[in-house]
Amino acid sequence: MIGRSRPLQLLSLTVVVVAALSLVSLTIALAGFDVSTAARAALDGAFGGSFAIFSATLKRTTPLLFLGVAVAVAFRAGVLNIGAEGQFLAGAAAAAAVGLHAPVESAVMMLPLEFAAAATAGMGWAAIAAWLKARFGVTEVVSTLLLNFVAINAVGFLVRGPLQEPTFTYPQTLPLGESARLPLLVDSQRLHWGFVIALLVAIGAWWVFQNTAAGFRARISGISRSAAESAGLIAVGRVQASALLASGAIAGIAGFSEVAGVTYRLYEGLSPGYGYTAIAVALLGRLHPIGIIASAVLFGALGSGADSMQRNAGIPAEFASVLAAVILLGVLALPAAEALLARKFRVARAL
Amino acid sequence: MTIPIDGFLEAVVRGATPLAFAALGELVAERSGVINLGLEGAIVCGALASLVATVAFGPSAGLLAGGSAGLCIGLIFAFFVLVLRAQQIIVGAAVSILGLGLSATVHRALTGGGASAIHVATLPELRIPFLADIPIIGPALFSQSLPTYILYALFPLVAYALYRTIGGVVLRAAGEHPPAVIAAGHSPAKVQFMALCVCGFLAGVGGATLVVAQTGTFSDGMSAGRGFIAVAVVALGRWRPVGVLLGVLLFGSASALQFLAQSLGWNVPYNIVLAAPYVLTLLAMAALRGSGSAPAALGRALNRSASLV
């Protein structure tokens with residue numbers, strides 16, 4: 001990924017997205033759906049008018065942006081955190097618990113409290129994996145994945161037990177009070193201030209990586225473990241554990257943003273796999289903040305487009321995750337494809 | 001109150017069966033040097049394919065169709081890892097997302113939004129005369145459905161193949177030291193390719209078992225992390241067949257807690273029981289610390305000269 005020019009990277013990423021979209025449209029056509037109706041429905045649902053843009057696409061972009069940054073922070077330090085989903089849920093649960101029960105009246109107090117609780121909970125959830133790795137040598141890939149399933153059930157337990165609404169009928173919490181909610185960003189649209197926080201987090205994380213010693217150590221640890229260790233100044237294990245904690249904290253904040261900004265309550269199935277889609281967001285964005293913002297918007301649009309296709313063309317919305325996986329695989333295939341092209345060109349020039 | 005011990009043991013074996021197929025497959029793949037995290041996708045696609053094939057042709061076809069679907073997912077994984085030489089873990093995650101999304105999409109298209117769930121009759125329990133009458137362990141081991149008995153043959157078979165055949169030695173060598181395999185005149189990539197095919201197929205059969213032998217229907221994400229647990233179980237079992245067997249029985253016990261809680265009337269919240277297998281797997285991984293017996297070249301990409309194409 002080093003040494004290739006920006007325009008070339010951008011071009012090849014665009015090719016991946018276009019190829020994935022065509023592959024999926026072909027499948028839709030083969031399944032007997034009308035592609036042009038579907039495409040129009042998708043475009044309308046994602047970008048057709050201010051409601052589609054603010055209340056659907058950008059609203060969906062917000063958690064993906066947070067989680068994409070969370071994944072990227074870990075990946076850049078060489079930690080394979082596949083547990084953003086669980087850390088998101090931990091943050092969401094903490095935000096809901098604080099938002100419902102903290103004895104605070106004003107939003108000025110309440111929102112920072114929720115924010116801090118969510119970040120701490122997300123970090124705490126990631127800390128389990130970091131501790132298992134540091135103390136027992138358990139690889140973070142497996143532990144973060146398994147912790148996702150624990151988190152799903154923990155949320156299930158909370159909304160059927162300690163946090164359930166007082167009639168004990170539905171597996172969900174009461175709605176948050178006004179003061180515990182993030183204000184809307186655009187009048188009468190569902191986009192909320194979480195989006196702005198997500199942008200700030202994306203840029204802040206990038207700044208830390210580029211301009212601080214800690215960021216430098218994390219980057220080196222991610223590029224080459226042996227180089228980092230032989231430099232003598234970098235305790236790779238500790239640096240990677242910190243990166244995992246930071247990643248978990250950001251994922252936890254995503255949970256706060258979703259509960260305080262969108263759903264206003266905690267329930268099972270809060271996340272339709274945001275934490276997994278985030279891996280595609282981060283890698284399509286080349287782990288770079290601008291790239292991640294762009295790819296989060298893309299995946300947000302894919303989500304709202306897919307919803308609209310289900311409503312208007314009867315195409316199952318689940319295919320959005322297929323598309324995410326296909327794009328992710330395309331990004332993974334890129335280095336090989338580019339190497340092949342480069343070899344072809346060299347051969348051509350030699351002739 | 002008496003503890004229904006034979007019922008509990010039966011539930012242990014039952015719960016362990018689908019996972020055992022997947023874990024055996026993962027064992028083969030990891031001994032050849034590849035971590036296949038795409039197992040989850042293979043299991044869930046195998047489950048859906050088996051449901052469809054069972055409706056059309058009956059349960060044995062269901063098991064085969066499940067295996068074939070798992071094989072297809074395994075081929076996708078193998079293509080990206082062996083041909084394009086992409087990072088195994090991330091490809092695995094992507095393939096799992098793909099399998100989960102694909103099965104959910106197709107299932108919704110088939111059932112029209114889950115309004116009309118498809119149900120099939122599950123395989124009957126085959127009671128083996130005399131053996132099933134052994135007290136305590138008899139019903140658990142010898143009053144199960146067909147897939148469990150297949151496993152009784154499969155575990156020794158895989159162990160024999162890995163340790164007592166030339167192919168098995170080559171496969172293990174590919175996981176330890178690929179250059180040695182090349183020196184011996186074999187291609188590590190081809191060995192890994194075949195291992196991944198076996199892995200995908202077995203995971204698919206595991207998914208089919210969930211449907212054909214247990215639930216009789218499909219639900220989105222019904223693999224419920226078994227693919228990831230299989231990866232954990234292989235590490236827990238120290239990359240050996242006997243260890244893997246113990247690992248899947250551990251998982252089986254955790255999932256049988258559900259049975260125990262019900263039959264004893266414990267007032268344990270449902271979700272805590274459901275979370276038990278994951279927590280127990282994590283605890284076991286921590287308790288059996290260290291990975292000294294992992295294949296030396298596990299998870300490493302082959303050199304370009306050694307890979308396919």
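This is a predicted model: local features need pLDDT of at least 70, side-chain atom pairs count only at pLDDT 80 or more; totals for chains, interfaces and linings use all residues.
From H1(B), the residues are B:Pro18, B:Leu19, B:Ala22, B:Ala23, B:Glu26, B:Leu27 and B:Glu30. From H10(B), they are B:Arg226, B:Ile229, B:Ala230, B:Val231, B:Val233 and B:Val234. The residues of this contact divide into ten nonpolar, no polar and three charged. H1(B) spans residues 5–31, and H10(B) spans residues 226–236. The two axes come within 8 Å. They cross at roughly 55 degrees, which makes H1(B) oblique to H10(B). The crossing of H1(B) and H10(B) is right-handed.

An angle over 145 degrees would count as roughly antiparallel, and 65 to 115 as roughly perpendicular. The crossing of H11(A) and H12(A) is right-handed. On the H11(A) side, the contact is made by A:Thr277, A:Ala280, A:Val281, A:Ala282 and A:Leu284. On the H12(A) side, A:Ile292, A:Ser295, A:Ala296, A:Leu298 and A:Phe299 take part. This contact holds eight nonpolar residues, two polar and no charged.

Helix H12 of chain A also contains A:Gly300. The relative accessible area of A:Gly300 is 0%. The cut-off for a buried residue is under 20%, so A:Gly300 is buried. A:Val108 is 192 residues from A:Gly300 along the chain. The C-alpha atoms of A:Gly300 and A:Val108 are separated by 29 Å.

A:Thr61 sits in helix H3 of chain A, which runs over residues 50–76. A:Thr61 has a relative accessible area of 0%, so A:Thr61 is buried. A polar atom of the A:Thr61 side chain lies 2.8 Å from the backbone oxygen of A:Thr57. Neighbours of A:Thr61 within four places in sequence are again left aside. The contacts of A:Thr61 are then A:Phe195, A:Ala296, A:Val297 and A:Gly300. Among them, A:Ala296 also takes part in the contact of H11(A) with H12(A).

Notes:
Residues are numbered from 1 along each chain as its sequence is written. Chains are lettered from A and ligands numbered from 1 in the order in which they are written. Side-chain values use heavy atoms; hydrogens and water are left out. Helices (H or I, at least four residues) and strands (E, at least two) are DSSP runs, numbered from the N terminus. Buried means under 20% relative accessible area, exposed over 50%, partly exposed in between (1.4 Å probe, protein chains only). A polar contact is a pair of N or O atoms within 3.5 Å; within protein, one must be able to donate a hydrogen and the other to accept it, and residues adjacent in sequence count only if both atoms are side-chain atoms. Contact means heavy atoms within 4.5 Å. Axes are lines fitted to C-alpha atoms, for helices over the stretch in contact, and angles run from 0 to 180 degrees between N-to-C directions. Angles under 35 degrees count as roughly parallel, over 145 as roughly antiparallel, 65 to 115 as roughly perpendicular and the rest as oblique. A crossing is left-handed if the near helix is turned anticlockwise from the far one by less than a right angle, and right-handed if clockwise. Ala, Val, Leu, Ile, Met, Phe, Trp, Tyr, Cys and Pro count as nonpolar, Asp, Glu, Lys and Arg as charged, and the others, Gly among them, as polar.
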